[in-house]
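Student: I'd like to go through this model one piece at a time. Can you take my questions as they come?

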Amino acid sequence: MNRFTVRIGSAALALLACLAPPARADAPLAVAYGAQTIRFTHVAASPQGIAVGVEDPGFAQLLQATGSILTWKPGQRYVMVTTGVPVVVSFAIGDRRYDVGPISLEAPFAPYLVGDEAYLPLDQLLGALDLAMHRDAAGAFLVPQLTTLDVRSRGTAVTIAAHAGAPLHPRIVAQSPSAITYEFDGVGTPLAGTRAVGSGGVKSLEIVQAGTPRDPKTLVTVALEPGASVQAPRATDERDVVLAYEGSGPAAPAEMPTPVPPPPPAGSAYAPAYPGPAGNAAPGPAAAAQPVPSGPATVTGVSVTPGSDGSTVAIAVTGNAQFEWHRLRDPDNRFWIDIKGAQLNGPALDENEPDPIVSVRVRQIDPQTVRVAISLAGSKQLDVSPTASGIDISIGNEEVADAPRAGSGSIGSVVAVSESAMPITPAPLGEPGTAADASWKFGARSTYVPTNPRLIVIDPGHGGSDRGSSRNGTDEAVIALDIAKRLRDLLLAQGWQVKLTHDTDVDVYAPDDTAHQELQARVDVANDAGARLFVSIHCNAFYNAGPRGTTLYISKDIDRPLAEAIEQQTEMDGTKNDGIVKSHLYVTLHTEMPATLIETAFLSNPDDYALIVSPAWRQKIAGEIAAGIGAYAQAYPVPNQPPQ
Amino acid sequence: MKISRVVSLVLLLAVVAAGTWLVLSRRGPASGGNLRVYYTKLDGTTLGTLSVSLRPRQPGESDVEHARNVALYAAVEAVAGPPSDVPAIHFPPGTRVLGVTLHGETAYVDLSSDVDAQPGGSFAENGEFKGLVYTLTGLPGVDAVGVTIAGRTVETLPGGHLELDEPLHRSDW
């Protein structure tokens, strides 16, 4: 993804510094802003600009009008304004430098104190709020500014995200195969000029301010490559609009091309010490065709090959061996692989490497094991693949979360690999980072013993005064109760005892109770009864119609096997399988027994909605949850109890 | 003769000092390192990251001030999330960070009540707070994130699912 951002807010940089603060002046300043007039009374004027006090009622009016918030108390050096975007604008008393988000700028004078009140440079504050102050014969007035045109290319597509200090309503005022012009009424701009793009079908942008000072308009003309297609402007927020284009061919690099790693050197870091087979390249067909010697394994080479998508660490191994790998969790981004029954043919090595790797180490850690340890520059995508010539470790540039953290396999006459979200063994002694393992997510099996091993508590989500999510008149509370009752009937037929936290559409604790009272009451039903399992039934929802699927939420270690058993049944329920998600949900966290909260489908997605309102589908998913509970009970029998 | 030499030396030193001051005062801001901002992708679980630059510690800014300012900045960036064209779970429109305080290893983030405008379901809540917690706990010395809404401790969001009356940790996800 290429990106450049056109952002002008630094007119102050052109002004010479004058360190003396302006003198306090009591002349009020009235500024028109839309239909209102903002009257600044704590004002000080000087040749360097106007300063305004943060306790000025006009200052408060300005913040309110722009949806901004002041974070400051008398005695504090830093004055923070969080804009409505939100972006933090940070001033410091006595320092001309100030920050607008990550951008550092410089004002013509430093904020200062008058008594206990901080005075800030007004023009710079207005600029950070995407406003500009102008004057004419009628007085001063504020004009919203189009301050950002963020150009990004991805593949053959280019998007231009426009942002201004007022709602944007672009109109297409001219269009031809070679150019399209948008008019943004009511906003000025400090971005006037022409910028080359050269990707995704867009040649360049020309930005012109027109109209009058009080009623400005900004014209953005996009010059197009032949064959480029134009999509309709898309408002992502009132003050943000995305313009999108698609080129006819691959996108060329934009103004700041994505850095491409240099080609691999002729001899990579480890080749001289461990000259592996097939040079430094990742094993290809020729390497795959090489015979694999039998007998004890030998690590003959470790090479690092940078590429455009990341780097590959190739471990050349002859003979048969088992391997086992682990990685620690972000931010401790270390990975190591132990090759069992192997000898290192050469000295130990420590080498630094460019991104996405930090360093690679190779050691014979005991008489039977060779370890290759890699420090990663972040939580990088990582894949371990046995090959005919050894093991390839591919490290991508992309960051991932919840990556598999352990795996194992073999090389030689039998090639196999597996990976797991759980560590297979603790980090061996001497490997730094062992302490981090203590917080790994899932550990010991449950020690919970239900006092009523045949009882399952079903919790229909929401109900009564809490309707949950709602779409087209369909309430989550009603759907969840319906599925819960269907599930109850199925479980009763299987011989279970079943208790619903509520079997009519009511609050469990009391109408209009607090969230804590309501959720704890549901938890209490299960805990007080010593139930074997707790299953909470819900429907999901989102701001837009995109997400869909079934998700099983868990919180405790002992919840996962139950969720896995149910997931195996619901993964073909007609919607997407969104998997098992660990979270800090109240009911799964505070129930003592294995528990899961099932978000059956999204009310906000049309396809899922069609399923949810179908009684047949509700019966189907109830049946699948019941089957999952049955499978769990078979696999995890309660001690001293007959199998379910 | 000696007096004129002394005067000349003093003048020379003054010129050197003034020149040094001028050069230093015109220097651009130094880099303050990068902040990794996490957001939850639309699969509801996978985290994406953004890198934004941090302002360096300022002269006269105490350790406590600097840590707090960085935490505030991190919280604002996490709540803002990635640019709007990046598919991600965003906080409800209008949600703002009203303030951040640090107590021991816990960062307390005060959010505006706009965060109450959830669509329902666990999906959005889970994704929103996962990104916020991962971002803040990526800061040195921050292990947990407490959440208040408009200055008040809440048990959950209205009609919500996530427990918010105790600090959240990465291990909660």
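Student: Which helix does Phe123(B) lie in?
Tutor: Keep in mind that this is a predicted model. Look at residues 122-136 of chain B, a helical run that takes in Phe123(B). That helix is α3 of chain B.

Student: Is Phe123(B) buried or exposed?
Tutor: Count the C-beta atoms around Phe123(B): there are 30 neighbours inside 10 Å. The cut-off for a buried residue is 20 or more. Because of that count, Phe123(B) is buried.

Student: Leaving aside its neighbours within four places in sequence, which residues is Phe123(B) in contact with?
Tutor: Start with chain A, which gives Asn540(A), Phe542(A), Pro547(A), Thr551(A) and Glu599(A). Then go back to chain B for one more name on the list, Gly44(B).

Student: How far apart in space are Phe123(B) and Leu42(B), C-alpha to C-alpha?
Tutor: In sequence these two are 81 residues apart. In space, the C-alpha atoms of Phe123(B) and Leu42(B) are separated by 9.2 Å.

Student: Which element gives the largest share of the side of chain B that touches chain A?
Tutor: Contacts link 49 residues of chain B with 61 residues of chain A. On the chain B side, β2, α2, β3 and α3 each give two or more residues. The largest share is 7 residues, and it comes from α2(B).

Student: How do the residues on that side of chain B divide into nonpolar, polar and charged?
Tutor: We're still on the side of chain B that touches chain A.

Student: In the largest nonpolar core, which residues touch the most other members?
Tutor: This core has 133 residues, and helix α2 of chain B gives the largest share, 10 residues. Domain 1 and domain 4 of chain A both contribute, so the core lies between them. The residues that touch the most other members are Leu120(A), Ala75(B) and Leu136(B).

Student: Why is strand β12 of chain A largely enclosed by the rest of the structure?
Tutor: Take residues 117-121 of chain A, which make up β12(A). The strand is largely enclosed because the number of its 5 residues that are buried is 4.

Student: Which residue is the bridge partner of Ala51(A) in β12(A)?
Tutor: Strand β5 of chain A pairs with β12(A) in the antiparallel sense, over 3 bridges. Within β12(A), the partner of Ala51(A) is Pro121(A).

Student: In the hairpin of β11(A) and β12(A), which residue takes a positive phi near 65 degrees?
Tutor: Strands β11(A) and β12(A) pair in the antiparallel sense, with Leu113(A) opposite Ala118(A). The hairpin has 2 residues between the strands, and the one with the positive phi is Gly115(A).

How values were computed:
Residues numbered from 1 in each chain as written. Chains lettered and ligands numbered in written order. Predicted model: local features only at pLDDT ≥ 70, side-chain atom pairs only at ≥ 80, totals over all residues. Core = buried A, V, L, I, M, F, W, Y, C linked by C-beta atoms within 7 Å. Buried ≥ 20, exposed ≤ 12 C-beta atoms within 10 Å, placed from the backbone. Domains from an automatic or database assignment. Pairing = 2+ DSSP bridges. Contact = placed C-beta atoms within 7 Å. Nonpolar A, V, L, I, M, F, W, Y, C, P; charged D, E, K, R; others polar.
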